[in-house]
Amino acid sequence: MGLYITNLDQAGGLNKNMLRIKAGNVKIVAEDCQFDYDSQSAFRLDDDGISLILKKCIVSNIGQTVNPDNGRAIDDRGNNIDSLVVENCTFYNITSRVLRDGGGYIKYAKFNHNTMVNIGQMMLSVGEVVDFTFTNNQVVNGLFLGNSVNAEVPHSVIELALLTNDDLA
């Protein structure tokens, strides 16, 4: 609670993966915190069953415009996530997206009363999700990089995927 964390080093260099959670089946709760400056992800989830709860937090300045694909507030790296709850948070200056889904599924996701400003490519890449709630959020400049005319997959504000029978099992 009440932390300010930055991934800038003493010389002003930008490091990556501010908080990298490598253990599975853990619960992370952050309240009234600011996570500022990272070249890739503020939260990188490297195992299954993680629950991440963010309340009244600010996530800012994630990624670099020279490599916008690597600006993610939360990156699930293709792992199955138990719960993702984001309430009363502010996200700004994120070069790629607030949530990056690399595969896997999310059992429960809730985004409520958040503000998202200057999100580069895709705001939320949720992927496969069993229970998803998105209410009372404000999005300003949610796809500031737009789509390339040659884009294989067009960018979207919220991207969801179909659940498979394996996911539901």
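**Close-ups of a predicted protein chain**

**View 1. Phenylalanine 43 is a buried residue.** Residues are numbered from 1 along each chain as its sequence is written, and side-chain values use heavy atoms, leaving out hydrogens and water.

**View 2. Phenylalanine 35 and phenylalanine 43 form an aromatic pair.** Rings of Phe, Tyr and Trp (its six-membered ring) pair if their centres lie within 6.5 Å; planes under 30 degrees apart are stacked, over 60 edge-to-face, and the rest tilted. Here the centres sit 4.9 Å apart with 70° between the planes, which makes the pair edge-to-face. Phenylalanine 35 is buried too, at 2% relative accessibility.

**View 3. Phe111, Phe132 and Phe134 make a cluster.** Ring pairs link these three residues. How many aromatic pairs turn up in a search of the whole structure? The search finds three.

**View 4. Stepping back to the protein chain.** Of its 169 residues, 41% count as buried. If you look at contacts (heavy atoms within 4.5 Å) with a separation of 6 or more, 70% of them come from residues 24 or more positions apart. The C-alpha trace spans about 50 × 40 × 30 Å along its principal axes.

Terms used. Predicted model: local features only at pLDDT ≥ 70, side-chain atom pairs only at ≥ 80, totals over all residues. Buried < 20%, exposed > 50% of the residue type's maximum accessible area, 1.4 Å probe, protein only.
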